[in-house]
Amino acid sequence: SSTPALLKPGQSPSLPLLTESTTSTVAKTPAAREHLPHIGLRGYLRLARVMMSFFLFMFRLFLNTRGWRIKKLPEADLRREEGALLREKFLKLGPTFIKTGQSLATRADLLPVEYIQELAKLQDEVPPFPTEQSRAIIESELGAKIEDIFEHFEDKPIAAASLGQVHRARLRTGQLVAVKVQRPRIHDQIEFDISVLRRIARRLQ
C-alpha cells in the first residue's frame, strides 16, 4: 500500500478543481429535474381543458385590444365584462381554480379594479352542491341518520364556498347549529389539479 505524503506546516492538500464543465454536468443530471406523478388519460384531458379555457380567454382579450367588437363599450364596462368571463371560467374549472381566483382578487397590483370586483364575488357567490350529497356526507361522517341527529335540518345551504357549504340545523337538545360540509372528494380533486398545474408549469418553462 502507498504511504500518504506528509504535509509541511501551512501546506494544504491539493484538491481537484471544480471547473465550469463539471458544475454544468452536475446541474444537468436527471436527479436535478423534478419527477412529476403520472396523471393518465384523465389528467391530460383535464390539462387540455384548463389550457383551452385560458387560451380562449386570452384570445378574447386580444380581440378586445384590436377593437374588432361590433358593439363598442366604454373601457370600464369592457374590463368588467372580461372580469366576469374570467370568474365564470374559474367557477367551471372547480374548487382549485376558485381558490386561485379568490387569491387573485386580493392582487390589485396585478389586475384592473374591474377584474378585482368580479373575482371578489368568488368569496360568497359559489354555486352549492346537491343537498343529497351533503346529507350523505354528514351521515357517513357521523355514522347516523340525519333524523337521528337533528330535530330540524335545512336542505338549502345558507352559504357556499369553494371548499364546502353551510347548513342551518337544530339538534335534538334544541340547540341551533351551523353544519359545515366539505365538497365531495375535495382533497382528491385538489391534489389531482395540482399535479395537472405542475405539468402545465413544466411545459411553460
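Guide: Read along the sequence, the pattern is α-α-α-α-α-α-α-β-β-β-β-α, which comes to 8 helices and 4 strands; helices (H or I, at least four residues) and strands (E, at least two) are DSSP runs, numbered from the N terminus. This is a predicted model, where local features need pLDDT of at least 70 and side-chain atom pairs count only at pLDDT 80 or more, while totals for chains, interfaces and linings use all residues. Residues are numbered from 1 along each chain as its sequence is written, and side-chain values use heavy atoms, leaving out hydrogens and water.

Of the protein's 205 residues, 30% count as buried, meaning under 20% relative accessible area (1.4 Å probe, protein chains only). Now to the core itself. A nonpolar core is a set of buried Ala, Val, Leu, Ile, Met, Phe, Trp, Tyr and Cys residues joined through side-chain atoms within 4.5 Å. The largest one here has 18 residues, and L86, F90, L119 and L122 have the most contacts inside it. Two or more residues come from each of α2, α3 (75-93), α4 (95-104), α5 (113-119) and α8 (186-204). A second, separate core holds 9 residues, including I138, I146, V179 and V181.

Let us stay with L86 for a moment. Setting aside neighbours within four places in sequence, L86 is in contact with F54, F57, Y115 and L119, where contact means heavy atoms within 4.5 Å. As a general point, nonpolar side chains tend to be buried together in soluble globular proteins.

Technical notes
Buried < 20%, exposed > 50% of the residue type's maximum accessible area, 1.4 Å probe, protein only.
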